[in-house]
Amino acid sequence: MSTTIAIPRLGVGAVILNDKNEILLVLRNRDPEKNTWSIPGGKVDPYEQLETSVIREIKEEVNLDVEVKALLCTAETILPENGEHWVSVIYEVTILSGEARNLEEDGAIGDMRWFSLDALPSNLACFAVPAIEHLQNRNRS
C-alpha cells in the first residue's frame, strides 16, 4: 500500500468588508472544502509575491480592485485523506473600485454573498474561520 505525501501548497485569501461592515464570502465549487463558504482567494503562482497574488485573485474571482490594508492571519488546512496540505496567508483589503460579482460562476465559485459578521453561514471553510475570528475579536475590543 502506497501513501501519498502532500507537499504543502501556498494560498492567499482576502477579508473584504463593505460599508455596512459585511464580509464577502464565496461558495466553493471545488475541493478543498467544496460546498463551504470561504473568503475569496486562491493559489500563489511561482515567483509571485503574496500581496500581488491576493490582489490578482480578487480581481479574477469577484471583479474588485483592492489594496492590501494589513496581514490579518495565517490559516492551515491539512486533509491527509485528500492528500492536501495548504498554508493560507490572509489579508485584510480595502476596495478601490469595481462592483462585486462572481466571475467564476461556471468554475470555482458557486455563489457569492455579503454576510453580517453576526449572521454567518454554518458551513464555513476551515481557512475562513481564523480570519473571521480575528475580525470578530478585534470588533469586540
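In what order do the strands of the open sheet run? Here are my notes, bearing in mind that this is a predicted model.

1. **The sheet.** The order is β4-β1-β6-β5, an open sheet of four strands with mixed pairing. β4 (41-43) and β5 sit at the edges with a single partner strand each, so one side of each has no neighbour in the sheet. From one strand to the next, the twist averages 20 degrees.

2. **The β1/β6 pairing.** Strands of a sheet pair through backbone hydrogen bonds, either parallel or antiparallel. For β1 and β6 the sense is parallel, over eight bridges. If you want a spot to look at, take I16: its bridge partner in β6 is V93.

3. **Helices against strands.** α1 packs on the sheet and touches β1, β4, β5 and β6, with its direction at about 65 degrees to that of β1. Helix α2 (residues 129-140) lies across β1, β5 and β6, and runs at about 125 degrees to β5.

4. **Nonpolar cores.** The largest core has 19 residues, and I58, V62 and L64 have the most contacts inside it. Two or more residues come from each of β1 (9-16), β2 (22-28), α1 (50-62), β5 (65-79), β6 and β7 (109-116). A second, separate core has 18 residues, including L117, A128, A131 and L135.

5. **L64 up close.** Not counting residues up to four places away in sequence, L64 touches I16, L24, I58, K59, I95, S97, G98, E99 and A100.

6. **S88.** Leaving aside neighbours within four places in sequence, S88 is in contact with G11, C73, T74, A75 and F127.

7. **The aromatic pair.** The count comes to one aromatic pair. The ring centres of W37 and F115 are 5.1 Å apart and the planes stand at 75 degrees; edge-to-face needs over 60, so the pair gets that label. W37 belongs to strand β3 (residues 37-38) and F115 to strand β7, so the pair ties together parts 78 residues apart in sequence. As for accessibility, W37 is buried at a relative accessible area of 6%, and F115 counts as buried at 11%.

Methods. Residues are numbered from 1 along each chain as its sequence is written. This is a predicted model: local features need pLDDT of at least 70, side-chain atom pairs count only at pLDDT 80 or more; totals for chains, interfaces and linings use all residues. Side-chain values use heavy atoms; hydrogens and water are left out. Contact means heavy atoms within 4.5 Å. A nonpolar core is a set of buried Ala, Val, Leu, Ile, Met, Phe, Trp, Tyr and Cys residues joined through side-chain atoms within 4.5 Å. Buried means under 20% relative accessible area, exposed over 50%, partly exposed in between (1.4 Å probe, protein chains only). Two strands pair if DSSP finds at least two bridges between them. Axes are lines fitted to C-alpha atoms, for helices over the stretch in contact, and angles run from 0 to 180 degrees between N-to-C directions. Rings of Phe, Tyr and Trp (its six-membered ring) pair if their centres lie within 6.5 Å; planes under 30 degrees apart count as stacked, over 60 as edge-to-face and the rest as tilted.
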